[in-house]
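Reader: I'd like a close look at one part of this one, please: the inside. Tell me what packs there and what touches what.

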Amino acid sequence: MLILFRDRRFLIMLALGFAAGVPLPLTGFVLRQWFSESNISLAAIGFTALIGTAYSLKFLWSPVMDHAAPPFFRALGRRRGWLASIQPPLMVAILALGFTDPASAAWLTAAVAVLVAFLSASQDIVIDAYRIEILEEEEQGYGFACYVWGYRFALLAANAGALGMVGLIGWSGAFAYCAGLVAIGFLAVLFAPEPAAPPREAMSWARRIKLAVVDPFVDFTRRRYWLAILLFVVLFKLGEALAGIMTPPFYRAIGFSRADVAQVAVVFGLVMSLAGVLAGGFFVARVGVGRALVITGLLQMLSNLMYVALYWAGRDMGMLYAQVGVENFTDGLADAAFVAYLTGLTNRAFSATQYALLSSLAAVPLRFLGAWSGQWAEALGWTNFFLMTTAAALPALCIMLWLLKRLPPAPKTAQPLGAMPDP
């Protein structure tokens with residue numbers, strides 16, 4: 001902990017992680033809670049899944065931020081100038097989001113939320129680049145840990161904190177509070193050192209897109225069963241994604257208050273998710289990535305049945321804790337195995353870009369399929385809907401078993417299933 005105060009770069013990463021984490025709940029869980037309390041239809045709430053598409057497609061405009069000078073604050077340098085140009089509009093957009101009224105103009109609320117997501121994703125691009133350039137290779141692990149902890153604190157402050165603020169100062173006040181939280185990142189930018197610009201070959205944007213997007217994907221297609229691997233990556237989180245989009249209206253439908261949701265689903269859920277990720281890391285090391293994916297994927301799938309149990313139990317706080325605990329812990333387990341798998345799929349020649357591209361491609365279909373979750377919930381009813389989300393995980397598990405048979409993990413090696421040998 002003392003290194004935080006000896007080297008201000010790590011404090012800067014903590015603050016930037018905090019600023020990066022604030023907007024995410026405002027276009028996701030918090031927004032859906034607001035829509036649910038405004039009596040917006042389940043179908044409309046489902047389509048809010050599309051709002052966060054910018055997070056999945058940010059690699060498309062990231063070369064612009066690498067190639068072009070910042071529009072404002074150029075005196076701060078390239079990276080800090082871009083951050084200082086993005087964060088004030090982001091704060092204004094979050095503030096404006098709170099002054100919309102989803103009950104009378106849900107389309108306007110959604111449109112402003114899309115702007116918030118775009119600015120937030122753009123901020124993420126610059127923060128990632130700043131972290132890589134400001135820290136030496138041996139400092140990257142600690143710097144990323146500082147970023148993650150700042151991000152996690154922000155999720156609590158902007159998720160549970162915002163929901164708790166609504167009862168005191170209303171929705172507009174809660175969003176104003178969250179806009180103020182982003183200012184922590186802006187202050188960090190003003191006091192942060194600017195990294196030295198690395199020497200770069202002059203190249204066109206088209207060339208940068210080819211290097212950042214086309215070449216890593218073409219390289220990925222050269223491996224055996226690449227299409228089956230990509231299909232597995234896309235489908236692995238499908239059941240969780242469909243269920244997760246509908247949790248705010250589901251909790252409200254069975255009688256849980258905003259305070260109940262903030263206390264259990266947000267705070268307790270985050271603790272259990274972190275515990276699941278930690279346990280998942282040990283589990284992957286013990287049984288291997290391929291087997292861990294099957295086992296944790298099965299547990300993640302079965303955890304959706306807890307929604308059915310909660311529905312039949314009604315407003316039971318004990319059952320809510322059980323449902324949230326089981327779901328978040330098993331999701332954490334599966335996330336640890338999934339990240340290890342994606343990491344192992346990347347070729348070292350394209351490690352960063354290929355990992356970002358794979359994770360982005362995995363998220364885009366989930367958002368588009370998740371957009372229909374509200375209509376399915378309305379048509380099927382809560383019990384049948386959550387049974388459907390449970391079954392939605394089966395295709396990915398079948399694909400993984402098929403891949404395990406054809407690409408068995410090599411003994412005595414940590415190389416994950418599907419990984420190509422080093423060139």
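Author: Let's start with a word we'll need all the way through: two residues are in contact when they have heavy atoms within 4.5 Å of each other. Of the contacts in the protein chain with a separation of 6 or more, 81% are between residues 24 or more positions apart. Keep in mind that this is a predicted model, where local features need pLDDT of at least 70, side-chain atom pairs count only at pLDDT 80 or more, and totals for chains, interfaces and linings use all residues. Residues are numbered from 1 along each chain as its sequence is written, and side-chain values use heavy atoms, with hydrogens and water left out.

That pLDDT is the predictor's confidence in each residue, from 0 to 100. The protein chain averages 84, and 87% of the residues score at least 70. Over residues 411–423 the pLDDT is below 50, though this stretch has 25 contacts in the model beyond near neighbours in sequence.

Now for the inside. A residue is buried if it has under 20% relative accessible area, exposed if over 50%, and partly exposed in between (1.4 Å probe, protein chains only). A nonpolar core is then a set of buried Ala, Val, Leu, Ile, Met, Phe, Trp, Tyr and Cys residues joined through side-chain atoms within 4.5 Å. The largest one here has 88 residues, and Val22, Ile94 and Tyr251 have the most contacts inside it. Helix H10 (residues 140–191) gives the most to this core, with 21 residues. Helices (H or I, at least four residues) and strands (E, at least two) are DSSP runs, numbered from the N terminus; the protein chain has 21 helices and 0 strands.

Zoom in on Tyr251: leaving aside neighbours within four places in sequence, its contacts include Phe256, Tyr307, Leu310 and Val324. Another core, of 30 residues, lies apart from the largest one, and Leu242, Val294, Ala334 and Leu366 are among its residues.

What about burial helix by helix? In helix H4 (residues 29–37), 9 of the 9 residues are buried, so H4 is largely enclosed by the rest of the structure. The buried residues of H4 include Arg32, Gln33 and Glu37 as well as Trp34 and Phe35. Just after H4, Asn39 takes a positive phi of about 60 degrees.

Over in helix H9 (residues 102–134) you'll find Ser120. Ser120 is buried, with a relative accessible area of 0%. Its contacts, leaving aside neighbours within four places in sequence, are Ala20, Pro23, Tyr55 and Leu90.

Pro193, meanwhile, sits in the loop between H10 and helix H11 (205–220). Pro193 counts as buried because its relative accessibility is 18%. Not counting residues up to four places away in sequence, Pro193 touches Arg8, Arg9, Arg80, Tyr130 and Ile134. Take Arg80: Pro193 is 113 residues away from it in sequence, yet 8.4 Å away in space, C-alpha to C-alpha.
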